[in-house]
Amino acid sequence: MNKCIYQNGISLLLASFRHLQIKEETMDLWFQLLDDMSDNDFMASIKNICRNTAEIYPTTNIVALIREQFKM
């Protein structure tokens, strides 16, 4: 996955769920855990989350949530 696409996707996620506060090192870790996804699959997953998820809780595993959407 392209780092710019990743940053755009995370920006979309943060705009949709304004209460999320993600540290820079956490975003770097997430990128390492998700970089095997294609740009299109990643963005489709993020858009599905933003469209269909009412709430993301503090204990939500975001990486798992993104991968779950990818499998759908």
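Start with Ser45. Leaving aside residues up to four places away in sequence, Ser45 touches Met37, Ile66, Gln69 and Phe70. Touching, or contact, means heavy atoms within 4.5 Å. Ser45 sits in helix H3. Helices here are DSSP runs of H or I with at least four residues, numbered from the N terminus. Is Ser45 buried or exposed? Buried, at 1% relative accessibility. The cut-offs are these: buried is under 20% relative accessible area, exposed is over 50%, and partly exposed is in between, with a 1.4 Å probe and protein chains only.

A word on the source. This is a predicted model, where local features need pLDDT of at least 70 and side-chain atom pairs count only at pLDDT 80 or more, while totals for chains, interfaces and linings use all residues. Residues are numbered from 1 along each chain as its sequence is written, and side-chain values use heavy atoms, with hydrogens and water left out.

Stay with H3 and look at its contact with H1. The axes of H1 and H3 come within 10 Å and cross at roughly 0°. Axes are lines fitted to C-alpha atoms, for helices over the stretch in contact, with angles from 0 to 180 degrees between N-to-C directions. So H1 runs roughly parallel to H3, a label for angles under 35 degrees.

Who meets whom? From H1 come Ile5, Tyr6, Gly9, Ile10, Leu12, Leu13 and Ser16; from H3 come Asp39, Phe42, Met43, Ile46, Lys47, Ile49 and Cys50. By type, the residues of this contact split into ten nonpolar, two polar and two charged. Nonpolar covers Ala, Val, Leu, Ile, Met, Phe, Trp, Tyr, Cys and Pro; charged covers Asp, Glu, Lys and Arg; the others, Gly among them, are polar.

Next, charges. How many salt bridges does a search of the whole structure find? Two. The rule is a side-chain nitrogen of Lys or Arg within 4 Å of a carboxyl oxygen of Asp or Glu.

One joins Asp28 and Lys3, with the closest N and O atoms 3.7 Å apart. Asp28 is in helix H2 (residues 24-34) and Lys3 is in helix H1 (residues 3-16), so this pair links distant parts of the chain, 25 residues apart. Asp28 is partly exposed at 31% relative accessible area, and Lys3 is partly exposed at 36%.

Then there is Asp36 with Arg67, at 2.4 Å, N to O. Asp36 lies in the loop between H2 and helix H3 (39-52), and Arg67 lies in helix H4 (residues 62-71), so the pair ties together parts 31 residues apart in sequence. Asp36 is exposed, at 59% relative accessibility. Arg67 is partly exposed, at 23%.

While we are in H4, look at Ala64. Ala64 is partly exposed, with a relative accessible area of 33%. Ala64 and Leu33 are 31 residues apart in sequence, yet 9.7 Å apart in space, C-alpha to C-alpha.

Last item: cysteines. A disulfide is a covalent bond between the sulfur atoms of two cysteines. The cut-off is a pair of cysteine sulfur atoms within 2.5 Å. The count is zero disulfides. Cys4 is in none, and its nearest cysteine sulfur, that of Cys50, is 17 Å away. Cys4 is partly exposed, at 44% relative accessibility. Cys50 is partly exposed too, with a relative accessible area of 21%.

That's my run-through. Over to you.

How values were computed. Helix = DSSP H or I, 4+ residues; strand = E, 2+ residues; numbered from the N terminus. Parallel < 35°, antiparallel > 145°, perpendicular 65-115°, else oblique.
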